[in-house]
Amino acid sequence: QVQLVESGGGLVQPGGSLRLSCAASGSIFSIKAMGWYRQAPGKLRVLVARITRLGTTNYADSVKGRFTISRDNAKNTVYLQMNSLKPEDTAVYYCNADLGLGFWGQGTQVTVSS
């Protein structure tokens with residue numbers, strides 16, 4: 001079992017930045033990868049960025065060059081640095097831990113609007 005707590009969402013103007021954090025606790029040594037997903041109203045939840053235990057990262061095409069996923073192993077925390085935000089980035093962002101089974105955080109709202 002893994003518990004995930006997200007923070008850092010909010011309202012930001014287009015072109016602005018936010019950093020999301022996801023703190024993991026529990027069976028953290030069993031985590032194969034962690035990722036950020038997002039779900040906009042009326043749409044499916046989709047992958048935004050993912051980082052494996054070895055540090056390999058991958059990103060959705062829509063965020064490449066703007067978002068960066070990173071981790072602090074000492075704090076058991078994964079971050080998503082989001083720059084040059086666009087209105088279409090508005091969604092609830094969810095942290096995911098892959099242990100073979102997937103575990104989810106509660107989600108944090110990101111709204112990009114002027």
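Ground rules first. The model is predicted, so local features need pLDDT of at least 70, side-chain atom pairs count only at pLDDT 80 or more, and totals for chains, interfaces and linings use all residues. Residues are numbered from 1 along each chain as its sequence is written, and side-chain values use heavy atoms, with hydrogens and water left out.

Let's start with D89. Where is it? D89 sits in the loop between β8 (77–82) and β9 (91–98). Strands here are DSSP runs of E, at least two residues, numbered from the N terminus.

Is D89 buried or exposed? D89 is buried, at a relative accessible area of 1%. Buried means under 20%, exposed over 50%, partly exposed in between, with a 1.4 Å probe and protein chains only.

Now its partners. The D89 side chain makes a polar contact with the R66 side chain, at 2.8 Å. Such a contact is a pair of N or O atoms within 3.5 Å; within protein, one must be able to donate a hydrogen and the other to accept it, and residues adjacent in sequence count only if both atoms are side-chain atoms. Leaving out residues up to four places away in sequence, D89 touches R38, R66, F67, S84, V110 and V112. Contact means heavy atoms within 4.5 Å.

S84 is next. S84 also belongs to the loop between β8 and β9. Its phi is positive, near 50°, and S84 is not a glycine. S84 is partly exposed, at 41% relative accessibility.

Last, N76. N76 lies in the loop between β7 (67–72) and β8. Here too phi is positive, about 50°, in a non-glycine residue. N76 is partly exposed, at 30%.

Definitions and conventions: Helices (H or I, at least four residues) and strands (E, at least two) are DSSP runs, numbered from the N terminus.
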